[in-house]
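Please keep the structure open as you read.

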Amino acid sequence: MEQGIEAARAAGSDNERASIGALAEAYGKTGRGADGLKLIEEALVVAGNSGQLPNEPELHRIKGELLIILDASKPTEAEGCFREAIQKAQRHGAKSWELRATMSLARLLVMQGRRDEARTMLAEIYNWFTEGFDTADLKDAKALLEELQARPVLGEQR
């Protein structure tokens, strides 16, 4: 992935932004969260400078996920990233990215004992969809909703 992104940059392409998000996520899953965060922050600066922000909501979501990986004891900045991703996705009418960001935020809210809030917001975006229920994101959202509707784990706030 790194080589592909470098080749695209060398060729003068700016189409590598989607790959940057995937690479940053891969870094996070392989113990290189700081590298992933740096990559996302650079991509957000470049996107902001160019004015071309087609995948900006997803970049903010990934940034939030990486912040949690790096330090789950400080959820405020990650929550801000997820909420910004949701707002930007809503402005663009990008329901799939809104769903992904809402799932990320819902998981964080559950970790904070805010299960009802997580369930309500996830149900709202999930219920917007009328088709595509065989896609990975909607399957994941349904599974998370079912988990949130189940009885809470002992000691978890509801």
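Glu 117 is partly exposed at 34% relative accessibility, where that class lies between buried (under 20% relative accessible area) and exposed (over 50%), with a 1.4 Å probe and protein chains only. Its side chain meets that of Arg 83 in a salt bridge, 3.1 Å from N to O; the term stands for a side-chain nitrogen of Lys or Arg within 4 Å of a carboxyl oxygen of Asp or Glu. Glu 117 belongs to helix H7 (residues 115–126) and Arg 83 to helix H5 (residues 75–92), so the pair ties together parts 34 residues apart in sequence. Helices here are DSSP runs (H or I, at least four residues), numbered from the N terminus. Arg 83 is also partly exposed, at 29%.

A word on the ground rules: this is a predicted model, in which local features need pLDDT of at least 70 and side-chain atom pairs count only at pLDDT 80 or more, while totals for chains, interfaces and linings use all residues. Residues are numbered from 1 along each chain as its sequence is written, and side-chain values use heavy atoms, leaving out hydrogens and water.

Stay with helix H5 for a moment: Glu 84 and Lys 88 both lie there, four residues apart, about one turn of the helix. Their side chains form a salt bridge of 3.7 Å, N to O. Glu 84 is partly exposed at 30%, whereas Lys 88 is buried at 13%.

The structure holds 16 salt bridges. One of them joins Arg 61 and Glu 25 at 2.8 Å, N to O. Arg 61 sits in helix H4 and Glu 25 in helix H2, so this pair ties together parts 36 residues apart in sequence. Arg 61 is buried at 5%, and Glu 25 is partly exposed at 23%. Both belong to a salt-bridge network that also links Glu 58, Glu 65, Arg 100 and Asp 137.

Now turn to the largest pocket, with about 340 Å³ of space. Among its 16 lining residues, Glu 25, Arg 61, Glu 65, Ser 104 and Arg 107 are the closest to its centre. A pocket is an open set of points on a 1 Å grid over the protein atoms alone, where a 1.4 Å probe fits, with protein on both sides within 12 Å along at least five of seven lines; lining residues have an atom within 4 Å of a point. The volume is the space filled by probe spheres set on the points, which are joined across faces, edges and corners. Helix H6 gives the most to this lining, with six residues.

Notes: Helix = DSSP H or I, 4+ residues; strand = E, 2+ residues; numbered from the N terminus.
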